[in-house]
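I opened this entry to look up strand pairing, helix packing and cores. My notes follow in the order I checked things.

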Amino acid sequence: MWSKTYSTVTTEVTKEQMWKLFQDVNNWHSWDEGIEFAKMEGKFEKGNTFTLRPKGGPNVKIMLLETIENQMFLDFTKFPLAKMYGEHQLEETPNGLKITNTITVKGILGFLWRKIVAQKIVEDFPKDIQAQIKAASIL
């Protein structure tokens with residue numbers, strides 16, 4: 001198993017603004033320059049799935065394993081002989097909103113999918129979260 005976490009604290013947005021941004025999956029491409037599109041039918045809730053296409057990559061099906069409004073969501077992507085989990089947390093602190101993202105890869109070919117997919121996601125966490133904050137601040 002391989003796992004990496006990144007956190008930042010901001011006073012620029014509220015957890016409600018961030019949640020509104022997250023649940024609007026069909027517009028993720030407007031703030032995430034690493035994806036061509038994301039498409040979800042239905043609500044941003046446990047058990048629902050959406051399709052995401054990374055720039056230059058194939059469509060990927062992602063399932064929401066858990067959603068707690070204004071607090072966190074956990075998503076799951078299945079690869080051949082590996083699984084990837086993305087945990088996204090929003091926590092109010094005395095210093096502002098703490099935003100934490102964790103990527104975990106498990107499975108026999110986890111090392112391969114870490115190298116192909118997960119490592120780039122983790123490397124982009126700082127700039128991606130800043131883009132999220134900027135986009136959410138106008139909601």
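Which residue in β7 is the bridge partner of S7? I looked it up and found T100. The model is a predicted one, and I read it as such.

**Sheet**

I then followed the pairing of β1 and β7. They run antiparallel and are joined by nine bridges. Next I traced the whole sheet. It is open, has seven strands and pairs antiparallel, in the order β1-β7-β6-β5-β4-β3-β2. I checked the edges. β1 (2–10) and β2 each have a single partner strand, so one side of each lacks a neighbour in the sheet. From one strand to the next, the twist averages 20°.

**Hairpins**

I took β3 and β4 first. Strand β3 (residues 49–54) pairs with β4 in the antiparallel sense, over four bridges. L52 has V60 of β4 as its bridge partner. Five residues lie between the strands of this hairpin, and G56 takes a positive phi near 80°.

I moved on to β4 and β5. These run antiparallel too, with six bridges joining them. L64 stands opposite D75 in β5. This hairpin has three residues between its strands. In its turn, N70 has a positive phi of about 65°.

**Helices on the sheet**

I went back to β1 and β7, where nine bridges join the strands. α2 packs on the sheet and touches β1, β5, β6 and β7. The direction of α2 makes about 170° with that of β7.

Which residues of helix α1 (residues 15–23) are buried? I listed Q17, M18, W19, L21 and F22.

**Cores**

Which members of the largest nonpolar core touch the most other members? They are M18, W28, F44 and F50, in a core of 25 residues. I checked where this core draws its residues. α1, β2 (35–40), β3, β4, β7 and α2 each supply at least two. Another core lies apart from it, with 10 residues, among them W2, A82, W113 and V122.

Leaving out residues up to four places away in sequence, M18 touches V13, L90, L97, I99, Q132, I133 and A136.

Nonpolar side chains tend to be buried together in soluble globular proteins.

Note on methods
Residues numbered from 1 in each chain as written. Predicted model: local features only at pLDDT ≥ 70, side-chain atom pairs only at ≥ 80, totals over all residues. Heavy atoms only, no water. Buried < 20%, exposed > 50% of the residue type's maximum accessible area, 1.4 Å probe, protein only. Pairing = 2+ DSSP bridges. Core = buried A, V, L, I, M, F, W, Y, C linked by side-chain atoms within 4.5 Å. Contact = heavy atoms within 4.5 Å. Axes fitted to C-alpha atoms, helices over the stretch in contact; angles between N-to-C directions.
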